[in-house]
Amino acid sequence: MEKVKRNSSIELLKIIAIVFIVMCHAVPYSGLVNGIHFFDPTLATSNISELILIIFRYLGGFGNVIFVICSSYFLIDNDRVKISKILSIIITSFFISMFFLSIGMMMKLKLSFIVIIKQFFPITFNNTWFITCYLLLYIFHPMLNKVINNSTREELLKMNFIFFVLYSIISFILKDNFYYNELTSFIIIYFYTAYYKKYLKKDRIKKENRILFILIILFLLLIVITNILGLKLNIFKDKMTHWAKPLNPLTILICFIIFNKFNKLNFYNRKINVISSLSLVIYLLHENYIFREYIKPKYYDKIIGQNMIYGYFKLFTIILMFSFTLAIIYKYTINKLIIKISEYLELKLKKIYYFLKNNCKKSKKEKVGLY
């Protein structure tokens, strides 16, 4: 059977999403670096360069939402969960954590016992929360598909409307009400994507370029107005990243319009698909806890310096090229071994599962025979 070719336009969008995420994470996020006040993106500022960096910080939210939409779009029509894929991500996460732990030891970083434990169990301790949420979404997606497929268009629309009111309006404006968390946002985006794929035509959005432009302007105005209020009122002083939530209604609308534009392109390019397959590895490499909290901050003041915008793009380029290069090396070396290990473990787990299943059936028959 010929393997179905994935739409490279969506894979290209996944690459853009991961670039957005790296751009976000290249922005300094701590107010203190080596005991000296540096830059805090949560604080209102009168410095234009700092305000631009705060805007770049918001790109991570867009990248996260776009990536989840792209992944959900493929998963909605596929109920299969590959155990080998889950194991491969877990093993890869562990390997990369050990890689950075080794670097941390060589650099003689003062790592606490808790940090070292986190490196040994990166998925369990949310070393990179996005990967943990992605895995959970992948594991449970067949059950979500059952709910979606057993719902009428009206029921799915009502469900999404309730999600939108509770989480994209009330919880967005207030402080994460209704038990909101990152996994909640992933599941809700999955349902939004399902409605889009099942019931909305690609060309249904009229004047989408104009709408997209207006939405982006509104988003920028929201940040600028928050900054102006923060400079005058203490209550808004530390709220500059308050709107950086995945279910921000402006973020959701912008991301779906962008996705719709790419989805209409519908082409195939093997190189793009290969680069896209590195996305999660790039995420793991550049957002590892030790790299994020210990290594990267050491070079904020050295790389960024006084010219913040130039220094930021320099740091972003270094992080992106570092992550991409290691991801390429990983794919064509260690990844092959990890795939073999994952497939071997999958076979063993399946044997255990079927063994337990058959024993349960025998036990039931024996109990029935007693009566």
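Which helices each supply at least two residues of the lining of the second largest pocket? In this predicted model, the helices that do so are H1, which spans residues 8-25, and H3, which spans residues 59-75. The largest share of that lining comes from H3, with three residues. The pocket itself has a volume of about 860 Å³. It is lined by 28 residues, and those closest to its centre are Arg 57, Trp 129, Glu 182, Thr 241 and Ala 244. Sorted by class, the lining of this second largest pocket consists of eight nonpolar, 10 polar and 10 charged residues.

Rolling a probe the size of a water molecule over the atoms shows where empty space is left. The count of cavities of 30 Å³ or more comes to one. The largest cavity holds about 40 Å³ of space. Its lining is formed by Ser 93, Ile 96, Ser 97, Pro 122, Asn 127, Thr 128, Leu 284 and Asn 288. Helix H4, which covers residues 83-106, gives the most to this lining, with three residues. In terms of class, three residues of the cavity lining are nonpolar and five are polar, while no charged residues are found there.

The surface also carries a nonpolar patch. This patch is formed by Phe 213, Ile 214, Ile 216, Ile 217, Leu 218, Leu 220, Leu 221, Ile 225, Leu 229, Leu 233 and Ile 235, which together have about 950 Å² of accessible area. One of these residues, Ile 214, is located in helix H9, which runs over residues 208-232. Ile 214 has a relative accessible area of 45% and is therefore classed as partly exposed, since that class lies between the limits of 20% and 50%. Another isoleucine, Ile 275, belongs to helix H11 (residues 270-276). Ile 275 also counts as partly exposed, because its relative accessibility is 31%. Between the C-alpha atoms of Ile 275 and Tyr 312 there is a separation of 24 Å, the two residues being 37 residues apart along the chain.

Charged side chains were then considered. The structure holds nine salt bridges. In one of them, Glu 11 is paired with Lys 14, and the closest N and O atoms are 3.7 Å apart. These two residues are separated by about one helical turn, because they are three residues apart in helix H1. Glu 11 has a relative accessibility of 4% and so counts as buried. Lys 14 is likewise buried, its relative accessible area being 10%. Helix H1 is also one of the helices that supply at least two residues of the lining of the second largest pocket.

A further salt bridge joins Glu 154 to Lys 158, with 3.6 Å between the closest N and O atoms. Both residues lie in helix H7 (residues 153-173), where they are four residues apart, or about one turn of the helix. Glu 154 is exposed, because its relative accessible area is 51% and the exposed class begins over 50%. In the salt bridge between Arg 292 and Glu 287, the closest N and O atoms are 3.4 Å apart, and both of these residues are buried.

Cys 133 is found in helix H6, which comprises residues 129-149. With a relative accessible area of 8%, Cys 133 is buried. The C-alpha atom of Cys 133 is separated by 9.4 Å from that of Ile 123, which is 10 residues away along the chain.

Backbone angles were examined last. Most residues other than glycine have a negative phi, and most peptide bonds are trans. Lys 108, a residue other than glycine, has a positive phi near 60°. Lys 108 is located in the loop between H4 and helix H5 (113-120). At 74% relative accessibility, Lys 108 counts as exposed. Asn 266 likewise has a positive phi, in this case near 45°. The loop that contains Asn 266 lies between helix H10 (249-263) and H11. Asn 266 is partly exposed, as its relative accessible area is 49%.

Key:
Residues numbered from 1 in each chain as written. Predicted model: local features only at pLDDT ≥ 70, side-chain atom pairs only at ≥ 80, totals over all residues. Heavy atoms only, no water. 1 Å grid on protein atoms, 1.4 Å probe; cavity = no way out; pocket = protein on both sides within 12 Å on 5 of 7 lines; lining within 4 Å. Points joined across faces, edges and corners; volume = space filled by probe spheres on them. Nonpolar A, V, L, I, M, F, W, Y, C, P; charged D, E, K, R; others polar. Patch = residues over 30% accessible without salt bridge, like charges linked within 9 Å, V, L, I, M, F, W, Y side chains within 5 Å. Areas by Shrake-Rupley, 256 points an atom, 1.4 Å probe, with all protein chains shown as cover. Salt bridge = Lys/Arg side-chain N within 4 Å of Asp/Glu carboxyl O. Buried < 20%, exposed > 50% of the residue type's maximum accessible area, 1.4 Å probe, protein only.
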